Amino acid sequence: MSVNEDLTYTFGLSRTCLRLLGVWPDPLVPSSDIRRPNLRFMIVTCILSFYVIIPQLTNMIRAWGNETLVVQHIASANFSLMAMCKLIITFYHGGKLRTLITSVTDDWITSSNNIWERNTMLKLAKRGRSLSFRCYALATNGYAFYLCINLLKFYRSMHEPQRPIVYRFSYPYNVQKSPNYEITFFIQLSGGAYTGLINCTVDSFVSALVLHVCAQLTILRKKLNDLVDESASSSRFKKSLAAIVTRHEHLIRNAKLIDNCYSEVLLVHMLALTFQLCFQTFQIHTMITERLDVSIFKLGFLTLYVVLVLSNLYIYCYSAEKLVKESTNMAYGMHECKWYDLPPKDAKDLMLIVHRSADPLKLTAGKFGTFSIEMFGMTVKTSMGYLSALLAMKD
């Protein structure tokens, strides 16, 4: 495959979706244009704000006192607020993300003539694609159930004097009048689609960036081992080692740039997702235990919703765990190579790599926590603890 095909393989789906949302940090676009909001971004933001988030929060306040309804509205609002935050942050840091995409492109160009390096990058890109496609598949199936529920509601209320919309809200126009009702109904439906699309797209995009850094660290570690194992003169060794140290610093900056761009929004993501999982399982538990008259579409939608929420968290935890492992492996790689065959002065220079690898690279949640598989388990455990407390309050 060519470099363009490799980039499409890695970022194809997330790039298409981010372009659809108007926030793709295109390296071919001038920096001044990246910071200028385009029409697609403004349309998506307005739909999410006025037709999804504000109605959900208003309905939550109106339902205060009814635990089941409040939990239902909070769960719905949580997911939409997460999507809005991720969209705005991606747009706000468009310039920084543009430099990252440029760096990724340069890496693919550099590795195009080295089969092992390219295969290493493709291996992790394939894992990222697999996680992304699963996330998109869950979101698509969940939205299909969501669409069936609301279209069934639309069909049943077609000839009624008071027809319900997806999210009840008092708009400054007559919602019940045609075609106002139909337009409002389908705009709110599209808002639900945008919510799932944004969450899956940004999660896949960040994961792909992190996994790319992991692949580059793996390649760099092999280059370092090859340098130590080959019999090179001291001057050549120092020159090659300097290039490796410079490359290592570049990868550290890229990893920290990803973390700086998304750290705050990932804190919101982690907190909101903890409550989201609690609220959704509470809804499913209530439906099953109280034997409510609920359609199979709604039960299927809520079940897929829970699995999607877990997938959105896992995609971060997996890529972050891989980043920690590969960054610390740079130091462990020193012990695996034949450093003892080097002259003492050259062997001491390797401590630069060990020193910079002592502090592993991380993907953090607002600097308070580090994403990892362990965090995934702790988040699920904490969410189930909140569920127990919520069920106790209800009883």
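Is Asp203 buried or exposed? Asp203 counts as buried, at 0% relative accessibility. The close-ups below come from a predicted model.

**View 1. Lys86 and Asp203 meet in a salt bridge.** Their side chains come together at 2.8 Å, N to O. Lys86 sits in helix 4 (residues 67-92) and Asp203 in helix 7, so the pair ties together parts 117 residues apart in sequence. Lys86 is buried, with a relative accessible area of 1%. Asp203 is buried too, since its relative accessibility is 0% and the cut-off for buried is under 20%. Side chains of opposite charge can pair when their charged atoms come close.

**View 2. Arg118 forms a salt bridge with Asp6.** The closest N and O atoms are 3.1 Å apart. Arg118 belongs to helix 6 (residues 115-156) and Asp6 to helix 1, so this pair links parts that are 112 residues apart in sequence. Asp6 is buried, with a relative accessible area of 1%. Arg118 is buried as well, at 17%.

**View 3. Asp226 forms a salt bridge with Lys222.** Here the closest N and O atoms are 3.0 Å apart. Both residues lie in helix 7. They are 4 residues apart, about one turn of the helix. Asp226 counts as partly exposed, at 37% relative accessibility. Lys222 also counts as partly exposed, at 32%. The structure holds 8 salt bridges; among them are Asp226 with Lys222, Arg118 with Asp6, and Lys86 with Asp203.

**View 4. Helix 1 crosses helix 7.** The axes of helix 1 (residues 3-21) and helix 7 come within 9 Å and cross at roughly 135°. Helix 1 is therefore oblique to helix 7. The crossing is left-handed. Helix 1 contributes Thr10, Phe11, Ser14, Cys17, Leu18, Leu20 and Leu21 to the contact. Helix 7 contributes Tyr194, Leu197, Ile198, Thr201, Phe205, Ala208 and Leu209. By class, this contact has 11 nonpolar, 3 polar and no charged residues.

**View 5. Helix 7 packs with helix 9.** Helix 7 spans residues 180-229 and helix 9 spans residues 296-336. Their axes are 9 Å apart, at an angle of about 15°. That angle makes helix 7 roughly parallel to helix 9, because angles under 35 degrees count as roughly parallel. The crossing of helix 7 and helix 9 is left-handed. Residues in the contact of helix 7 with helix 9 divide into 18 nonpolar, 10 polar and 4 charged.

Methods: Residues are numbered from 1 along each chain as its sequence is written. This is a predicted model: local features need pLDDT of at least 70, side-chain atom pairs count only at pLDDT 80 or more; totals for chains, interfaces and linings use all residues. Side-chain values use heavy atoms; hydrogens and water are left out. Axes are lines fitted to C-alpha atoms, for helices over the stretch in contact, and angles run from 0 to 180 degrees between N-to-C directions. Helices (H or I, at least four residues) and strands (E, at least two) are DSSP runs, numbered from the N terminus. Angles under 35 degrees count as roughly parallel, over 145 as roughly antiparallel, 65 to 115 as roughly perpendicular and the rest as oblique. A crossing is left-handed if the near helix is turned anticlockwise from the far one by less than a right angle, and right-handed if clockwise. Ala, Val, Leu, Ile, Met, Phe, Trp, Tyr, Cys and Pro count as nonpolar, Asp, Glu, Lys and Arg as charged, and the others, Gly among them, as polar. Contact means heavy atoms within 4.5 Å. A salt bridge is a side-chain nitrogen of Lys or Arg within 4 Å of a carboxyl oxygen of Asp or Glu. Buried means under 20% relative accessible area, exposed over 50%, partly exposed in between (1.4 Å probe, protein chains only).
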